[in-house]
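Work through the exercises below with the sequence and the model open. Each task is followed by a solution in steps.

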Amino acid sequence: MKKKLLEVKEKALKSLSEVNDLKQLDDARIRILGKKGELTGLMKGMGKLSKEERPVIGQLANEVRSAIETELEKARKNLEERALSHRLNNEKIDVTMPGRVQKMGHRHPMSIVIDDIKNIFIGMGYEIAEGPEVEDAYYNFTALNIPEDHTARDEQDTFYVEGEGNFLLRTQTSPMQVRVMESRKPPIRIIAPGRVYRSDEVDATHSPIFHQLEGLVIDKGITMGDLKGALEVFAKELLGSDTKVRFRPHHFPFTEPSAEMDATCFGCGGKGCRICKDSGWIELLGCGMVHPKVLEMSGIDPSVYSGFAFGMGLERVTMQKYGINDLRLLFENDVRFLKQF
Ligand code: DAH
């Protein structure tokens, strides 16, 4: 019995010194100390020993067991340390490797143009006004001298909001004229850029959503001369100091008289080119003297005050400025397109 115990011990210590990973270690532990293990088997046979032998062999068996357990523990620590240092060596970070370059975003061409235009008007003393895109039909049409049964409403068909009241997606930024006149006292000098909506099919020059910029100036003694002066300065700032402008008579329900303003083409200086379709001019905006009825409906006395208004589409200016030939490119947000600006 004693010999067998020492044999088991020797064999156990030898195999423990040879284990290479935690799995092998665990296998060895089960083989030696498990329920059906070598040492366990021997100890079960102790009952057959004589009274004298039992304590001696018992003590030896305990010594063998604790020697094996100590060795098991040592081997486990060893393996764990080896595994850790293996990981540390293999998962090293090379701090001298070049980093990944972050792609920088930048402004959308529309935002660049809108900011340019805002800055020009801010420089001329205008303030920026903002208002809702879901608008009351009263502001979008009625208060702009377009009564309920007027055919001008059909020309700007839009998306109506179901439910109480008469709300729609604004078809123009012009309702901002009324909102500003209702909420402030003259002198008024504002611009109001923003999104507008019309039910329209999408193609290279049409979209159900686009941007406009509205302008409004109200004070005592404002004349068409002020309108022309302000808008000419604006055109020169935006398109270059050689730019000339011309006004063509037009009709808008909320201005009287009304006009459209063209500017000489910045691509050819007026000779004719692809940008201006050989006309030498580009159509820039609609404008006019605010209709007395509109002033009155907004709570401003037309016998004391007068003013002018203007409105322009921002997509077209942007497309002309950058030579973009398809409106859809401005909404698709394809990075390959956008990174050119
Ligand atoms: N709201 C007009 C449109 O969408 C543009 C416009 C024309 C605005 C003349 C004005 C203006 O303020 O005076 O067609």
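The exercises cover helix packing, the ligand site and backbone geometry.

The model is predicted: local features need pLDDT of at least 70, side-chain atom pairs count only at pLDDT 80 or more, and totals for chains, interfaces and linings use all residues. Residues are numbered from 1 along each chain as its sequence is written, and side-chain values use heavy atoms, with hydrogens and water left out.

**Exercise 1. Determine how α1 and α2 are each oriented relative to α4.**

Step 1. Helices (H or I, at least four residues) and strands (E, at least two) are DSSP runs, numbered from the N terminus. Axes are lines fitted to C-alpha atoms, for helices over the stretch in contact, and angles run from 0 to 180 degrees between N-to-C directions.

Step 2. The axes of α1 (residues 2–18) and α4 come within 10 Å, with a crossing angle of roughly 0°. Angles under 35 degrees count as roughly parallel, over 145 as roughly antiparallel, 65 to 115 as roughly perpendicular and the rest as oblique. The pair α1 and α4 is therefore roughly parallel.

Step 3. For α2 (residues 22–33) and α4 (residues 53–90), the axes come within 10 Å and cross at roughly 170°. These two helices are therefore roughly antiparallel.

**Exercise 2. List residues in the contacts of α4 and give their classes.**

Step 1. Contact means heavy atoms within 4.5 Å. From α1, the residues that meet α4 include Leu5, Leu6, Leu13 and Leu16; among their partners in α4 are Ile57, Leu60, Val64 and Ile68.

Step 2. Ala, Val, Leu, Ile, Met, Phe, Trp, Tyr, Cys and Pro count as nonpolar, Asp, Glu, Lys and Arg as charged, and the others, Gly among them, as polar. The contact of α1 with α4 has 13 nonpolar, no polar and three charged residues.

Step 3. On the α2 side, Leu22, Leu25, Arg29, Ile32 and Leu33 meet α4 residues including Arg65, Glu69 and Leu72. This contact divides into eight nonpolar, no polar and five charged residues.

**Exercise 3. Describe the surroundings of the ligand.**

Step 1. A residue is near a molecule if one of its heavy atoms lies within 4 Å of it. The ligand is surrounded by 16 residues, the closest being Gln172, Ser174, Arg198, Gln212 and Glu214. By class, this shell has five nonpolar, nine polar and two charged residues.

Step 2. A polar contact is a pair of N or O atoms within 3.5 Å; within protein, one must be able to donate a hydrogen and the other to accept it, and residues adjacent in sequence count only if both atoms are side-chain atoms. An N or O atom in the side chain of Ser174 is 2.9 Å from a nitrogen atom of the ligand. The side chain of Arg198 places an N or O atom 3.0 Å from a ligand oxygen, and Gln212 has a polar side-chain atom 2.9 Å from an oxygen atom of the ligand.

Step 3. Alone, the ligand exposes 360 Å², of which the protein buries 91%; accessible areas come from the Shrake-Rupley method with a 1.4 Å probe, and for residues only the protein chains shown count as cover. The elements giving two or more residues to the shell are β6 (209–219), β9 (281–290) and β10 (306–313).

**Exercise 4. Locate the cis peptide bonds joining Pro186 to Pro187 and Glu256 to Pro257.**

Step 1. Most peptide bonds are trans. The bond between Pro186 and Pro187 is cis, with omega about 0°; Pro187 sits in the loop between α8 (175–183) and β5 (188–197).

Step 2. From Glu256 to Pro257 the bond is cis, with omega near -5°, and Pro257 belongs to strand β8 (residues 255–264).
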